Amino acid sequence: MEEEEIEKAVLAYLNKKGFKQTELALQEEQSKSSSNTQTDPGVARRIISFSESENIPARYMEGYSKLRSWTYNSLDLYKHELLRVLYPVFIHSFLDLVAKGHVQEARTFFSRFREDHEMMHARDLLKLDDILTPSHLHEMEFAHSLRQSKVNIKICEYSKELLMQYLQKMEPFTVLGVINEHINIQVSPGQPSSISDDTDAVTLIGGSQDTAKQINQKEIRWGLLEDSSKERMERASSLVSYLEKAEGESKKGDSEDNKKLAEGGKQGNTSRKLKKDKVVGATSKTVRSETHSISVASRVMTEVSLPTIPTEVEHAVLEDLRVRVQMGSLALPSVSFYTFINTHNGLNCSSISQDGSLVAGGFSDSSLKVWNMSKIGQQVDASYVQPENDSNPNGNLLGSENGKRSYTLFQGHAGPVYSATFSPLGDFILSSSSDSTVRLWSTKLNANLVCYKGHNYPVWDVQFSPSGHYFASSSHDRTARIWSMDRISPLRIMAGHLSDVDCVQWHTNCNYIATGSSDKTVRLWDVQSGECVRIFIGHRSMVLSLAMSPDGRYMASGDEDGTIMMWDLSSGRCVTPLMGHTSCVWTLAFSCEGTLLASGSADCTVKLWDVTTSVRGPKTDESKTGGANRLRSLKTLPTKSTPVYSLQFSRRNLLFAAGVLSK
């Protein structure tokens, strides 16, 4: 009788999973084989118990409760690794109950245990809270992706042995079935990982990890543009040849100088030799620095036709570079903080021009306001007064203070403005809005030049490319788009994220853009082909900010939980997580030479991080000091109840920041 029950249970399972050929093969095998075969009693008990548990909702509640108690009572050394199993088991137990039609039991299960995961996975739980019927599992893309892909969990070898031993002894076998079907356990060598490594220990969505690994194997050209590398190489080679020639001439002259030395010409020759050594040392140092910079940041050809830079702008840039202050752990930047007051909770975003002379704010009343910092506190010129014809809403408007306002008001959007960005030269500004449009404004003409329509939903972010002319936008429609100022339709559409694309950032060489999404991933896209070349997985919440290092090798991303992750673009791996903020990281900025990273957060602080230590720090030091992540923070600059909306390093390495005073 027991053998018949086992056969029925196995056939029912194969039929449920759709394994038709296996079911037919098993039936044929049963008809050929003798009925005297006996199944191992332990295996038989598990098969029957597993088949029964699929139809009993209480088994899920009981199995998860036992697993939860066992993990919380485990040894402290392995507890934080074993706790990683709880969340995916909780999620898939809930989804299994919904899929089998036990909706009421599923809601009870969800309500009872959701508090265990509120801190780390609040956004996921809000999405899953809307699942009320089995049909929602197919209609909701987040739930559908969870059902179609396995969750990857990293634990050490001994933690896996402890878990397997417990699951084999455990009854009912519901949890064992969930783990076998939906969880992929990856064994990491050595001792249990630290708690700080939990950021990349569990990969919940994003399809399969194998897909990300396959994409991350593509070759990318992360180096700087090759616009001046040939000239630098020629200059370096000419210096080398000059040095060789100088050394040859000096050898020839040594024999003649020796005679003069014997005659009392020591002093003059010594001074000449010192002068020559000084020149040789300086020039060889220049050669070494040039060749070193080229080897560290390889030169690449741009695939995008970039605009030419005016001569006067080149002179201004060179002047800024001449007086630039070198930043480091011992030389922190000066900070100029711009605070918005009396905004009445209407400010959504802010932006600062590269030289800090212009500050823009996007408001919920569909307006964009630009302040000229050089004119703050001065009497407004009469030429800035709006003309009598009030049909043009752009320009400075008459106000209550001295009859004039201190800002330029740009109106044209039909919804709240969520993002604004200045062009590299500060002569244009882009704004994006919930009306699904992007608008281009002229800061010289004080007028709206173009309205770009292409997105179907609110546009969360827009960013100019480092060279201007091109810009990228990201939207609620789960796409990012690349535009040029002279075209009203997008040049490229990047689709692939599973949720909103919340932020976008250009690579230094303009060949790539990076996008951060509410699906907790960051993607790198090739501008020329429009395809995804990197997927960065590791964040536990939505990604809100991105920044690229000046050498193009690294990228920083900040999320809603306050975690900052430093990524290596060549490998697609996280170099180090930077912990310290207690709320959303809204803005990130690298210093001009890439040695410092500044982060601004909703916790009303600006933090400065030592990128050199974070990226190249020896692992032995990290293992000795338990708080390695905290040591990478150089300084925390608190504000007066002002969440930080934007950060901007000038070419002279002065740090500008902006935020709104909140009561």
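**Exercise 1.** Find which residues have the most contacts inside the largest nonpolar core.

*Solution.* A nonpolar core is a set of buried (under 20% relative accessible area, 1.4 Å probe, protein chains only) Ala, Val, Leu, Ile, Met, Phe, Trp, Tyr and Cys residues joined through side-chain atoms within 4.5 Å. The largest one has 40 residues, and Phe 90, Phe 94 and Leu 128 have the most contacts inside it. Helix H6 (residues 86–99) gives the most to this core, with 9 residues. Another core, of 17 residues, lies apart from it, and includes Trp 506 and Ile 535.

This is a predicted model, in which local features need pLDDT of at least 70, side-chain atom pairs count only at pLDDT 80 or more, and totals for chains, interfaces and linings use all residues. Residues are numbered from 1 along each chain as its sequence is written, and side-chain values use heavy atoms, with hydrogens and water left out.

**Exercise 2.** State how helix H4 (residues 58–72) and helix H7 (residues 103–113) pack.

*Solution.* Helices here are DSSP runs (H or I) of at least four residues, and strands (E) of at least two, numbered from the N terminus. The axes, lines fitted to C-alpha atoms over the stretch in contact, are 11 Å apart at an angle of about 20 degrees. H4 is therefore roughly parallel to H7, a label for angles under 35 degrees.

**Exercise 3.** Locate Ser 549 and decide whether Ser 549 is buried or exposed.

*Solution.* Ser 549 is in the loop between strand E23 (543–548) and strand E24 (554–559). Its relative accessible area is 3%, so Ser 549 is buried.

Terms used. Buried < 20%, exposed > 50% of the residue type's maximum accessible area, 1.4 Å probe, protein only. Axes fitted to C-alpha atoms, helices over the stretch in contact; angles between N-to-C directions. Parallel < 35°, antiparallel > 145°, perpendicular 65-115°, else oblique.
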